[in-house]
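Thanks, everyone. I'll talk through one structure, and I'll start as soon as it is on the screen.

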Amino acid sequence: QVQLVESGGGLVQAGGSLRLSCAASGNIFRINAMGWYRQAPGKQRELVAVQGGGWINYADSVKGRFTISRDTAKNTGYLQMNSLKPEDTAVYYCNGKIRGTDFYEYDLWGQGTQVTVSS
């Protein structure tokens with residue numbers, strides 16, 4: 001079995017920073033991609049950033065402010081969020097596309113973490 005556990009998030013003033021973490025555990029062969037999505041109240045879940053093997057994509061709304069990264073040794077992904085705005089307020093979810101040691105391709109979601117940016 002493979003699972004994702006998120007940490008980080010919280011309440012911050014506009015202009016502040018937060019870092020989210022997403023730790024994958026279990027029988028992991030390889031993490032093919034890890035991404036971050038967010039869902040604000042009354043809105044659909046949207047892509048924030050995603051990182052694969054040698055490529056990264058960001059939503060236009062976060063370019064230059066957010067940075068996605070990964071520590072392959074720890075099987076952990078990160079989302080560094082700087083210059084936060086009230087419109088960044090949402091529940092943030094990590095997503096991992098992971099090949100297990102059983103060669104099953106897992107498509108997993110973290111439990112979600114609340115990010116609230118006050119003006």
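Arg45 lies over the face of Trp109, 4.6 Å from the ring centre. Keep in mind that this is a predicted model. The charged end of Arg45 also sits over the ring of Tyr93, at 3.8 Å from the centre of that ring.

How exposed is Trp109? Its relative accessibility is 39%, so Trp109 counts as partly exposed.

Now the aromatic rings. A pair of aromatic rings is described by two things, the distance of the centres and the angle of the planes. Searching the whole structure gives 3 aromatic pairs. One of them is Tyr37 with Trp109: the ring centres are 5.1 Å apart and the planes stand at 65°, so this pair is edge-to-face. The cut-off for that label is an angle over 60 degrees.

Another of the pairs is Tyr104 with Tyr106. Here the centres are 4.8 Å apart and the planes are at 75°, so Tyr104 and Tyr106 are edge-to-face. Tyr106 has a relative accessible area of 12%, which means that it is buried, since buried means under 20%.

Next, the cysteines. How many disulfides are there? The count comes to 1 disulfide. This disulfide joins Cys22 to Cys94, with 2.1 Å from S to S. The link of Cys22 and Cys94 is right-handed, with 55° about the S-S bond. It connects distant parts of the chain: Cys22 is in strand S3, residues 18–26, and Cys94 is in strand S9, residues 90–100, 72 residues apart.

Are these two cysteines buried or exposed? Cys22 has a relative accessible area of 0%, so Cys22 is buried. Cys94 is at 0% relative accessibility, so Cys94 counts as buried.

Last, a sheet. Strand S3, which holds Cys22, belongs to an open sheet of 4 strands in the order S1-S3-S8-S7. The pairing in this sheet is antiparallel. Which strands are at the edges? Strand S1, residues 2–7, and strand S7, residues 66–71, are the edge strands, and each pairs on one side only. From one strand to the next the twist averages 15°.

At the S7 end, S7 pairs with strand S8, residues 76–81, in the antiparallel sense over 6 bridges. To find one of the partners on the screen, look for Thr67, whose bridge partner in S8 is Gln80.

That is what I have for today.

Methods
Residues are numbered from 1 along each chain as its sequence is written. This is a predicted model: local features need pLDDT of at least 70, side-chain atom pairs count only at pLDDT 80 or more; totals for chains, interfaces and linings use all residues. Side-chain values use heavy atoms; hydrogens and water are left out. Two strands pair if DSSP finds at least two bridges between them. Helices (H or I, at least four residues) and strands (E, at least two) are DSSP runs, numbered from the N terminus. Axes are lines fitted to C-alpha atoms, for helices over the stretch in contact, and angles run from 0 to 180 degrees between N-to-C directions. A disulfide is a pair of cysteine sulfur atoms within 2.5 Å. Buried means under 20% relative accessible area, exposed over 50%, partly exposed in between (1.4 Å probe, protein chains only). Rings of Phe, Tyr and Trp (its six-membered ring) pair if their centres lie within 6.5 Å; planes under 30 degrees apart count as stacked, over 60 as edge-to-face and the rest as tilted. A charge sits over a ring if NZ of Lys or CZ of Arg is within 6 Å of the ring centre and within 35 degrees of the ring normal.
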